[in-house]
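Please consider the sequence and the three-dimensional model shown here.

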Amino acid sequence: MGYVLGGKRFETATVVSDYARIILHRALPGFALEGVDASFVADLFSHHPKARRKAGPGISFFYVGIMPAWGTRNFLVCRTDGSFDNFSIKKCVASLTRTPEAASPSSPLGQRHHPLMEGT
């Protein structure tokens, strides 16, 4: 057993956290994440203990932003109403649940099948 996020299998929560940080630092701030990065971040976000509240009326996309108060990069969710909120990688990883080997990978975000995405 391990973790499946964005169609990728990870053996430990530490590896999930490390991969999230890779995306966080390679993404261009202010632009919507795409492809496997978007799918991974959407799946990671779904494990946040306050994901439903943070998703609000629905999610348009995820992106990386620089938080002026802290001077750090953070993942942000852009909601369908144009508002946004940041979320903690650490809180998402702390709430992960292991996935059995037979589990199928999640659907790509681009197809709008993620449970917290608009229209589901």
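This is a predicted model: local features need pLDDT of at least 70, side-chain atom pairs count only at pLDDT 80 or more; totals for chains, interfaces and linings use all residues.

Residues are numbered from 1 along each chain as its sequence is written, and side-chain values use heavy atoms, with hydrogens and water left out.

The protein contains four helices and five strands, where helices (H or I, at least four residues) and strands (E, at least two) are DSSP runs numbered from the N terminus. Their order along the sequence is β-β-α-α-α-β-β-β-α. Of the 120 residues, 43% are buried; this term denotes under 20% relative accessible area, with exposed meaning over 50% and partly exposed in between (1.4 Å probe, protein chains only). The accessible surface comes to about 6,500 Å², and carbon and sulfur atoms account for 56% of that area; such areas come from the Shrake-Rupley method with a 1.4 Å probe, and for residues only the protein chains shown count as cover. Contact means heavy atoms within 4.5 Å. Among contacts between residues at least 6 apart in sequence, 56% join residues at least 24 apart.

A nonpolar core is a set of buried Ala, Val, Leu, Ile, Met, Phe, Trp, Tyr and Cys residues joined through side-chain atoms within 4.5 Å. The largest such core has 28 residues, of which Val16, Phe40, Leu44, Phe62 and Phe75 touch the most other members. At least two core residues come from each of strand 1 (3–5), helix 1 (13–26), helix 2 (35–45), helix 3 (51–55), strand 3 (59–67), strand 4 (72–79) and helix 4 (89–94). The most is given by helix 2, with six residues.

Which residues does Phe75 contact, leaving aside its neighbours within four places in sequence? They are Ala20, Ile23, Leu24, Leu33, Val41, Tyr63, Val64, Asp85, Asn86, Phe87 and Ile89. Phe75 counts as buried because its relative accessibility is 1%.

A pair of aromatic rings is described by the distance of the centres and the angle of the planes. Rings of Phe, Tyr and Trp (its six-membered ring) pair if their centres lie within 6.5 Å; planes under 30 degrees apart count as stacked, over 60 as edge-to-face and the rest as tilted. The whole structure holds eight aromatic pairs. One of them, Phe45 with Phe87, is edge-to-face, at 4.8 Å centre to centre and 70 degrees between the planes. This pair links distant parts of the chain, since Phe45 lies in helix 2 and Phe87 in strand 5 (residues 84–87), 42 residues apart. Both Phe45 and Phe87 are buried. Phe75 and Phe87 form a stacked pair, with 5.9 Å between centres and 20 degrees between planes. It joins strand 4, which holds Phe75, to strand 5, which holds Phe87, across 12 residues. Ring pairs link Phe45, Phe62, Phe75 and Phe87 into a cluster.

Two further residues remain. Gly7 occupies the loop between strand 1 and strand 2 (8–10) and is partly exposed, at 38% relative accessibility. Its C-alpha atom is separated by 7.7 Å from that of Ser39, 32 residues apart along the chain. Pro100 lies in the segment after helix 4 and is partly exposed, with a relative accessible area of 45%. Not counting residues up to four places away in sequence, Pro100 touches Met1 and Arg9. Pro100 and Tyr3, 97 residues apart in sequence, are 8.2 Å apart in space, C-alpha to C-alpha.
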